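Take a moment to look over the sequence and the fold. Then read on for a short tour, one piece at a time.

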Amino acid sequence: MPSDTIPEKLDKLARRWLMSVQEYSLFCWQAVTNLFHAPHYWPDILTQADLIGVGSVPIVVLTGFFTGGVLALQSAASLAQFGAQAYTGRFVSLSMIRELAPVLTGLMVSGRNASGMASEIGSMVVTEQIDAMRALGTDPMKKLVTPRMISTIVMLFLLTVVSDTVGTAGGAFVSVFISRQNAAQYFSSAYQALVFADILQGLTKPLVFGFIIATIGCFQGMKTTGGTQGVGRSTTQAVVISSVLIIFSDFMLSRVMLWLFPPL
Amino acid sequence: MTESPTQSDPSAATEHSLEDSPLLFDNVSIAFHGAPVLDSVSFRVRPGETRILLGPAGVGKSVLLKLANGLLRPDSGKIFLFGQEITSMPERLLLALRTRTGMVFQESALFDSLTVRDNVGYQLIQRNTPDETIDRRVHRALTFVELDHTFDMFPSSLSGGMRRRVAIARAIIDKPDLILYDSPTGGLDPVTSHTINELVVKERDVYKTPAILVTHRLQDAFTMVTHRFDAQANQMVALPEGQIDPMTTFLVLHKGKLVFDGPTDQLLASQDPFLKDFLA
């Protein structure tokens with residue numbers, strides 16, 4: 001049998017990609033519409049919130065603190081050249097709240113939870129537990145996907161607030177104890193720089209990122225084929241795709257936010 | 001080479017007989033990635049009847065079982081489950097209908113994050129049944145499969161045979177109207193297989209639940225037709241010489257086609273070359 005020519009290969013690739021986008025769109029639609037149809041699995045939502053939210057606190061705190069610290073360290077040196085070291089707090093808080101806290105928290109939670117969801121659900125698929133669930137009259141989309149989606153969105157929002165706070169505190173720690181700046185000046189600068197648009201931007205992003213992490217993780221898990229090797233493949237793809245989508249949607253959201261709330 | 005089906009004649013199904021048959025396949029075909037797996041398969045399961053589905057490995061026996069309760073959708077043909085056509089039924093309605101069936105999966109498919117109690121009582125938990133009722137019914141189902149001591153254990157701490165028995169308990173706890181067994185003895189040693197066969201015969205003779213049993217082990221199939229469950233002795237005993245269970249009949253799949261549909265004596269008397277070779 002003759003092998004495919006390059007245009008044929010590209011055609012197949014494009015078709016497969018389009019099919020995946022279509023499947024993912026339908027999957028997301030079903031996950032969202034399930035919010036309006038009983039039954040609702042509240043205990044599962046709480047369990048997932050604990051696993052995703054509370055379980056991610058240590059890595060989010062560490063990442064946020066050191067990111068705020070390194071921002072303060074780098075910016076203090078640069079700002080000092082212009083005699084503007086007093087603006088370190090402003091620089092750190094704006095960077096953390098607008099961009100770094102949502103994106104880094106999203107990436108951390110993606111690495112930890114999108115992979116977890118893909119591997120857990122993927123293992124259930126290959127061991128026929130998903131079929132068993134359906135055979136027992138339970139909708140796996142309602143039981144497994146929608147609770148994870150709700151929990152990830154809510155908990156990523158809260159984790160981002162934690163990261164904002166800890167990142168600003170990390171910047172303060174470095175500014176006060178290493179760069180020898182005045183703490184009151186740092187916090188005053190950090191607080192006064194913020195406007196409503198910054199907070200809105202920083203707290204809208206985790207809602208979108210949470211949706212991406214949960215739906216990509218669950219989608220990759222649900223379409224797992226090929227035994228344990230397939231589970232590994234789904235896990236890797238879940239992290240890669242959700243991370244790329246987080247960065248891409250961050251860019252798009254920033255563009256939209258800057259258009260809606262142009263800088264004064 | 002095809003043995004004409006003698007037991008079932010789905011094409012002649014009337015509304016009345018549809019309601020009577022827990023399951024009916026009418027010219028069902030399905031293919032995966034262009035390769036046909038089942039081709040125009042027609043048969044029915046009558047009330048109280050146990051149908052043993054035989055065939056070589058990879059012939060589509062498990063696919064047929066998943067089609068039977070709507071876990072897969074056929075490419076063509078119609079499937080009636082408890083008189084309702086499920087081929088194009090929305091998943092929402094199918095979920096409710098599936099609670100009337102019990103399914104034992106090939107590798108048990110127990111939920112590994114749940115205890116045996118929560119696995120067996122899964123359907124009851126989903127219906128918010130009171131805990132005391134769930135405990136009582138789970139104990140009863142586990143006693144049936146003689147595994148009451150595993151109540152608080154996790155599936156990972158059970159042997160393969162015990163998992164299969166827990167899966168049977170999960171399938172029967174809600175007194176289903178149809179049981180689908182997917183190779184319940186597959187991969188088990190002869191002693192454990194005997195225990196599982198005994199449970200299937202016990203379920204058949206005690207509750208008279210119609211069932212489809214998929215197997216590629218002839219020994220298991222013929223154990224089913226030549227034995228009955230003695231409730232007093234609480235064990236499976238052989239039927240007198242020459243007697244067979246009249247409500248246990250056979251289906252044989254070969255290359256996607258249903259090549260036999262009928263009782264044991266007709267199967268044994270068949271002159272079909274494939275069947276003779278398969279039974280040899």
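## A residue in chain A

A:Leu94 has 19 C-beta neighbours inside 10 Å, so it counts as partly exposed. The cut-off for buried is 20 or more, and exposed means 12 or fewer. Keep in mind that this is a predicted model.

Where does A:Leu94 lie? It is part of helix H3 of chain A, which covers residues 88-126. Leaving out residues up to four places away in sequence, A:Leu94 touches A:Ala193 and A:Asp198. A:Gly64 is 30 residues from A:Leu94 in sequence. In space, the two C-alpha atoms are 14 Å apart.

Chain A also holds a cis peptide bond. It runs from A:Ala38 to A:Pro39, with omega near 0°. A:Pro39 sits in a loop of chain A, between helix H1 (6-33) and helix H2 (42-80).

## Chain B as a whole

Now turn to chain B. Its secondary structure comes to 11 helices and 12 strands. Along the principal axes, the C-alpha atoms of chain B fill a box of roughly 55 × 50 × 35 Å.

How does the radius of gyration fit a compact globule? A compact globule of 280 residues would have a value near 19 Å, and chain B has 18 Å, which agrees. Buried residues make up 44% of the 280 residues in chain B. Take the contacts in chain B with a separation of 6 or more: residues 24 or more positions apart account for 65% of these.

One open sheet of chain B has 4 strands, in the order E2-E1-E4-E5. The pairing is antiparallel. Strand E2 (35-45) and strand E5 (84-85) of chain B stand at the edges. Each has a single partner strand, so one side of each is left without a neighbour in the sheet. Inside this sheet, B:Leu23 stands opposite B:Leu81 in E4 of chain B.

Another open sheet of chain B has 6 strands, ordered E6-E7-E8-E3-E11-E12. Here the pairing is mixed. The edge strands are E6 (101-104) and E12 (257-262) of chain B, and each pairs on one side only. The twist averages 15° from one strand to the next. B:Leu53 stands opposite B:Leu251 in E11 of chain B.

| Strand (chain B) | Partner (chain B) | Sense | Bridges |
|---|---|---|---|
| E1, residues 23-32 | E4, residues 76-81 | antiparallel | 5 bridges |
| E3, residues 50-54 | E11, residues 248-254 | parallel | 5 bridges |

## The nonpolar core

In soluble globular proteins, nonpolar side chains tend to be buried together. The largest nonpolar core in this model has 122 residues. Which of its members touch the most others? They are B:Leu53, B:Ala169, B:Tyr181, B:Ile212 and B:Leu213. The largest share of this core, 16 residues, comes from helix H3 of chain A.

Leaving aside its neighbours within four places in sequence, B:Leu213 is in contact with B:Thr50, B:Ile52, B:Leu53, B:Tyr181, B:Val200 and B:Met224.

## Where the chains touch

The contact between the chains takes 14 residues from chain B and 11 residues from chain A. Helix H3 (91-98) and helix H5 (122-126) of chain B each supply at least two residues of the side of chain B that touches chain A. By class, that side of chain B has 8 nonpolar, 4 polar and 2 charged residues.

## Two positive phi angles

B:His33 is not a glycine, yet its phi is positive, at about 50°. It lies in the loop between E1 and E2 of chain B. Is B:His33 buried or exposed? B:His33 has 4 other C-beta atoms within 10 Å, so it is exposed.

B:Ser183 also has a positive phi without being a glycine, with a value near 40°. B:Ser183 lies in the loop between strand E7 (178-182) and helix H8 (190-207) of chain B. With 23 other C-beta atoms within 10 Å, B:Ser183 is buried.

Notes:
Residues are numbered from 1 along each chain as its sequence is written. Chains are lettered from A and ligands numbered from 1 in the order in which they are written. This is a predicted model: local features need pLDDT of at least 70, side-chain atom pairs count only at pLDDT 80 or more; totals for chains, interfaces and linings use all residues. Two strands pair if DSSP finds at least two bridges between them. The radius of gyration is taken over C-alpha atoms; the globule rule is 2.2 Å times the number of residues to the power 0.38. Two residues are in contact if their C-beta atoms, placed from the backbone, lie within 7 Å. Ala, Val, Leu, Ile, Met, Phe, Trp, Tyr, Cys and Pro count as nonpolar, Asp, Glu, Lys and Arg as charged, and the others, Gly among them, as polar. Axes are lines fitted to C-alpha atoms, for helices over the stretch in contact, and angles run from 0 to 180 degrees between N-to-C directions. A nonpolar core is a set of buried Ala, Val, Leu, Ile, Met, Phe, Trp, Tyr and Cys residues joined through C-beta atoms within 7 Å.
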